[in-house]
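The sequence and structure come next.

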Amino acid sequence: LYEGHKVMPYCPRCGTALSSHEVAQGYKDVKDLTCIAKFKVKGEENKYILAWTTTPWTLPSNLALCVNKSYMYAEIKVDVSKDEEESKIETYILAKDLISLVLKDKKYEVVKEFKGEDLLGIKYEQLMPFAKVEGKAFEVIHGDYVTLTDGTGIVHIAPAYGEDDSLVAKQN
């Protein structure tokens with residue numbers, strides 16, 4: 001026997017964890033929307049890390065951003081102006097291979113390229129600062145499960161809502 005914490009499906013009516021068989025009874029394929037959130041790099045002006053999530057409702061519980069240290073990432077400058085008379089430039093960090101997918105028709109300039117390992121430890125501002133968080137939080141960490149098939153190559157981490165998130169947060 002051991003005591004620990006694990007993210008599990010839970011029945012609030014019964015007050016118990018659900019088995020995989022109980023969860024599978026209500027399984028069906030659904031089309032979910034995804035979201036890209038801008039996380040402001042601490043101490044930098046107009047510089048953001050773009051993180052992708054399939055669970056936008058977990059963003060208030062964000063504690064980290066996860067990259068794959070072996071992938072190539074880029075810092076890019078993008079004109080995000082709404083009209084042509086006023087220019088507003090923001091700097092974004094995301095996976096190099098996903099820039100055109102994420103930005104679509106926007107014009108951008110690659111400032112520099114680097115390995116994901118160079119992002120590890122970068123601090124960012126809490127997305128929704130409604131609660132004081134003690135301990136290590138709001139920094140970039142590594143996770144092998146981050147891929148380049150979707151999103152930005154950077155994943156938002158909310159350990160209370162997913163097993164992968166919980167495991168990678170415990171490792172870091």
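## His156 and its contacts

The side chain of His156 makes a polar contact with the side chain of Thr58 at 2.7 Å. A polar contact is a pair of N or O atoms within 3.5 Å; within protein, one must be able to donate a hydrogen and the other to accept it, and residues adjacent in sequence count only if both atoms are side-chain atoms. The side chain of Asn62 also makes a polar contact with that of His156, at 3.0 Å.

His156 counts as buried because its relative accessibility is 2%, buried meaning under 20% relative accessible area with a 1.4 Å probe and protein chains only.

## Basis of the model

The model is predicted: local features need pLDDT of at least 70, side-chain atom pairs count only at pLDDT 80 or more, and totals for chains, interfaces and linings use all residues. Residues are numbered from 1 along each chain as its sequence is written, and side-chain values use heavy atoms, with hydrogens and water left out.

## The largest pocket

His156 is among the residues nearest the centre of the largest pocket, together with Thr54, Tyr145, Val155 and Asp165. A pocket is an open set of points on a 1 Å grid over the protein atoms alone, where a 1.4 Å probe fits, with protein on both sides within 12 Å along at least five of seven lines; lining residues have an atom within 4 Å of a point.

The lining has 21 residues: 7 nonpolar, 11 polar (a class that includes Gly) and 3 charged (Asp, Glu, Lys or Arg).

Terms used:
Buried < 20%, exposed > 50% of the residue type's maximum accessible area, 1.4 Å probe, protein only.
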